[in-house]
Amino acid sequence: MKRTTVALSAAALLLPLSACGGSAEAGSGSTVTVTVGYQSKTINTVTAGTLLRSLGYFEKQLDSLHDGHTYKVDWQDYATGAPITAQMTAGKIDIGSMGDFPLLLNAARGKQLGRPTHLVSVTGYNLRGGLNTIVTAPDSTLTSLKDLKGKKVSTSIGSAADGTLVRALRQAGIDPDKGISKLNQQPAVGASALSAGSVDALSQFVAWPGLLARQGKAKALYDGAQLNLPTFHGVTAREDFAQQHPAVLEAFLTAQARATDYLNGHPVAAAEKVAEATGLPAEVVYLYNGAHGIATFNPAITPQLVSALKQDVSVLKSAKLTGDIDVDAFVDDQYVKKALTTSYAKRLAASLPPAASEVWPKGSSRTLSYKSPKQLLAYVAAHQGGIRAAYVPDATTGTLWFADKAVWVADGDRLLPFVTPATARDYVSAHGGARTVSYREALERAS
């Protein structure tokens, strides 16, 4: 009878192994270890990592193969995509998940070392780029991107957040190489540096900006959605692994789709599961992964995301991180199409959920949605002390943010939230009579 386990027990070490993720091969080869690299705290990859692991869907799919093998899944957690790529090109990781820029570096490195990889599905995405944010210290005097000139900025070079920083600086007329002092740091190190005052700003991907804002350790300076360019995370697999074990890869992608459906159908429960596994506050997880969160989850590889990936190549080339990359050759949707059969076309054509404001009441397993931020504020004002979290979409970019961390503008009877002071200031400049107000005043106006 076939068994699937997550960790190798002492007894299992004596069993014959079949090489998948760098495991040894001996005897009959009836046991196959599949090694999955993921980023537990990069929470828009959870359908291929943290949430998928907690639900056990991949193991269950492997159990249903009935092909004479016993499967073991070795889940390996990393902070960024770079070490996953290193392990994949060494033949030690079979399947990995990472952001769009790391995916391209994965493609380039795999080809260079003769271990080609392929993008086989998508996890979470934001079509405007809202998954990446530049933040500053809460007491910082910086109010716009132009204020970063000559300042120290922490980011992870080669990451999607670094890509956002480079593009945003160029739009602001700042040379991303000479106009700032860039520090290449892991997200946690950069967060500590910001708190210590050794850097002026931090450009990072989920969930760091939201986490630091929630903790009162940072405030948003630049919303990545201002670029209006898609950013996403996806699943990559080694070509040799996919060819040798197509049924295993299809099982993974089927399981990922099931995890996606679970997240979309039970967003609060999914946020709680991810929070439990990562130690992140559930309120922060929900900001990104909730019903109207910053990330949209869909495994389909859409033409829009492929086009965005092609645009990303020029950014990496200009930073001398890679040369030309054949994106079309890197993308391989045959396995996800086969895994999802007729549902793939529906997922490919799926529309985005509408923007909405949400309140998460204390003690509730459900959130309440409101059509306008003012309606949300009225509820919050009437239930102060009973709110776990409140979320509102930026009036111009649609990026969801914590209501008490947003910059509020009063425009007549309307109360409008913005992620950053700069976007709020732009709105006020373009609308006579509009003015910024404090969160407290916004609550009073709505009540």
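Mentor: Two strands pair if DSSP finds at least two bridges between them. Helices (H or I, at least four residues) and strands (E, at least two) are DSSP runs, numbered from the N terminus. The model is predicted, so local features need pLDDT of at least 70 and side-chain atom pairs count only at pLDDT 80 or more, while totals for chains, interfaces and linings use all residues. Residues are numbered from 1 along each chain as its sequence is written, and side-chain values use heavy atoms, with hydrogens and water left out.

Take strand β13, residues 357–361. How many of its residues are buried? The count is 5 of the 5, so β13 is largely enclosed by the rest of the structure. Buried means under 20% relative accessible area, exposed over 50%, and partly exposed in between (1.4 Å probe, protein chains only). S357, V359 and P361 point one way from β13. E358 and W360 point the other way. Both sets are buried.

Now the partners of β13. Strand β14 covers residues 368–370 and runs antiparallel to β13, with 3 bridges joining the two. V359 has L368 as its bridge partner in β14. The two strands form a hairpin, with 6 residues between them. In that turn, G363 has a positive phi of about 75°. β13 also pairs with strand β15, residues 387–393. That pairing is antiparallel too, over 4 bridges.

β8 pairs in the parallel sense with strand β7 (residues 152–155), over 4 bridges. In that pairing, V153 has K182 of β8 as its bridge partner.

Next, a helix pair. Helix α10 (residues 267–278) and helix α11 (residues 282–289) pack at an angle of about 130°, with their axes 8 Å apart. Axes are lines fitted to C-alpha atoms, for helices over the stretch in contact, and angles run from 0 to 180 degrees between N-to-C directions. α10 and α11 are therefore oblique to each other (under 35 degrees is roughly parallel, over 145 roughly antiparallel, 65 to 115 roughly perpendicular, the rest oblique). P267, V268, A271, E272, V274 and A275 of α10 meet A282, V285, Y286 and N289 of α11. Contact means heavy atoms within 4.5 Å. By class, the contact of α10 with α11 has 8 nonpolar, 1 polar and 1 charged residues (Ala, Val, Leu, Ile, Met, Phe, Trp, Tyr, Cys and Pro are nonpolar, Asp, Glu, Lys and Arg charged, and the others, Gly among them, polar).

T85 sits in helix α3, residues 82–89. It counts as buried at 9% relative accessibility. Beyond its neighbours within four places in sequence, T85 is in contact with M98, P102, L105, N106 and R109. R440 belongs to helix α18, residues 439–446. R440 counts as exposed, at 66% relative accessibility. Its C-alpha atom is 9.8 Å from that of W408, 32 residues away along the chain. G114 lies in the loop between α4 (100–112) and β5 (117–126). G114 is exposed, with a relative accessible area of 58%.
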